[in-house]
Amino acid sequence: MVSAYADLEERMRARLGGRACLYVPSCRFGLYLALRRWCAPGGRVLMSPVNDDVIFFVVLAAGLRPVQAPLDPRDGSLDPAAVPDSVWSGLSAVLTTNLYGNPDPAPALRARCDRLGIPLLEDAAHAIGTGVGGRPVGAWGDASVFSLSKHTGAKTGGFLSVADPRLRDGLAAERDALLHRARITRELAYLARPYAESAARGLRLARPAHAALRALGLHERPGIRMPLRAEELRRALDAAPALEPFHSWIRVDMHTYRLRPGAARLARTRRRFAALDTALDTHRAGTARLLASEYSARGLPEDGDVPPLFRVPLLVEDRDAAVAALAARRITVGYLYDPPLDAYAGEAFTDPSPAPAPAAWFARHALPVDPRRADEALAVLRASGARPATPSPALGGAR
């Protein structure tokens, strides 16, 4: 019997050089499958402290202990050279982030994981079009997960890719056992959402709508980080590994993260995925302009191969003022991850980074700009007098 997702999986397989791919309703759901398959409960997973808190809760739901890694302050990528041997020796896996599409050092991490005999898992939600070391991001790990909610704007769907194709069918069975049935009301809401969002933007209702939700206590993320709810989280940990006890955290921003897709959802996903290369070209052009600006600590790649970053992390002295200046021109800055996860969750729920200062500095100064609005954003920043921020040599980051 041919899977309803077979054509999508084949397209993604071709993009990754022949790796087996499994369609999943969301990146977070695919990551849960990967963590459960490759890591025994009680294991320790090295991850980035500058990451979506949803991913933090996915790691906890899999029955694992997050271990926060040092970062390069210039771009928020993992810094494996700053991880002490004592930390490496206690790990069960490494989870990359590829923040905003900027690749983590996968070749070095792959080599280290091979020496330790542990899996490398790649979160490529932001990096579907990025490469590193001559391979696509997502082609280095034992498993990798992708999102179709980012560059394609499908607002649903993703892939779990595996290096060993023999594991695919077993993972497909685990996926199907965990999925919730599609509902017609959810399908209709999915189809209507882009039109409702467009109308709200056109009528300038987005801010009043969010304010009303906050006033009613219905806004799930009133700040950058969702409320931790420590006592509830401790009770949930007693039931891990399992998704249900962590559902209220993992569903934030995507209540359909484990919903079996219906025909309408799949049809829109196919259309959006077919236009991916056009979207990547647009992101690549804007990325080049932003990386060439005075606000980028990375600069343009020496080989001229500009990645199609999902967001470009500019570095500014007063990030809040820059966000406000952009918002006044209806340029929204999202995907902020401040404070770092170790400061957010504390030692009760995670091992802190052995070198937390670079991550804290980056989280405080990073301004992730949509490359599709590169020229507008740069004009606003310059007119507002926003000053570039430069990491001090004491923070490290030279590679």
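**Rings, sheet and helices**

Guide: Let's start with some rings: Tyr 5, Tyr 23, Phe 159 and Phe 273 are linked into a cluster by ring pairs. Keep in mind that this is a predicted model.

Visitor: OK. How many aromatic pairs does the structure hold?
Guide: There are 8 aromatic pairs. One of them is Phe 56 with Phe 57, an edge-to-face pair at 5.5 Å centre to centre, with 75° between the planes.

Visitor: Are Phe 56 and Phe 57 buried or exposed?
Guide: Both Phe 56 and Phe 57 are buried.

Visitor: And why is the pair of Tyr 100 and Tyr 337 called stacked?
Guide: Because the planes of Tyr 100 and Tyr 337 are at 15°, with the ring centres 6.1 Å apart; planes under 30 degrees apart count as stacked.

Visitor: Where in the chain do those two tyrosines sit?
Guide: In distant parts, 237 residues apart. Tyr 100 is in the loop between strand E4 (93–96) and helix H5 (106–116), while Tyr 337 is in the loop between helix H13 (319–328) and helix H14 (341–345). Tyr 100 is buried at 1% relative accessibility, and Tyr 337 is buried too, at 8%.

Visitor: Which charged residues sit over rings?
Guide: Two examples. Arg 135 lies over the face of Trp 140, 3.8 Å from the ring centre. Arg 225 has its charged end over the ring of Tyr 344, 5.6 Å from the centre.

Visitor: Switching topic: how many helices and strands are there in the protein?
Guide: The protein has 16 helices and 11 strands. It runs to 399 residues, and 52% of them count as buried.

Visitor: What about E8, how many of its residues are buried?
Guide: 5 of the 5, so E8 is largely enclosed by the rest of the structure. Ala 143, Val 145 and Ser 147 point one way from E8, and Ser 144 and Phe 146 point the other way.

Visitor: Does E8 pair in the parallel or the antiparallel sense with E5?
Guide: E5 and E8 pair in the parallel sense, over 3 bridges, and Asp 123 stands opposite Val 145 in E8. With E9, strand E8 pairs in the antiparallel sense over 5 bridges. Ala 143 has Val 162 as its bridge partner in E9.

Visitor: And which residue is the bridge partner of Val 45 in E4?
Guide: That's Ala 93. Strand E2 (residues 44–47) and E4 pair in the parallel sense over 2 bridges.

Visitor: Which residues of helix H1 are buried?
Guide: Leu 8, Glu 9 and Met 12 are the buried residues of H1 (residues 6–15). They cover an arc of only 95° around the axis, which puts them on the same side of H1.

Visitor: What covers the buried residues of H1?
Guide: The cover includes E1, strand E8 (143–147), E9, H6 and helix H11 (263–274). After H1 comes Gly 17, whose phi is positive, near 70°.

Visitor: Last one: where is Ser 26, and what does it touch?
Guide: Ser 26 is in the loop between E1 and helix H2 (27–38), and at 2% relative accessibility it counts as buried. Leaving out residues up to four places away in sequence, Ser 26 touches Gly 157, Gly 158, Met 254 and Tyr 257.

Key:
Residues numbered from 1 in each chain as written. Predicted model: local features only at pLDDT ≥ 70, side-chain atom pairs only at ≥ 80, totals over all residues. Heavy atoms only, no water. Phe/Tyr/Trp six-rings, centres within 6.5 Å; stacked < 30°, edge-to-face > 60°. Buried < 20%, exposed > 50% of the residue type's maximum accessible area, 1.4 Å probe, protein only. Helix = DSSP H or I, 4+ residues; strand = E, 2+ residues; numbered from the N terminus. Lys NZ or Arg CZ within 6 Å of the ring centre and 35° of its normal. Pairing = 2+ DSSP bridges. Contact = heavy atoms within 4.5 Å. Arc of directions from axis to C-beta.
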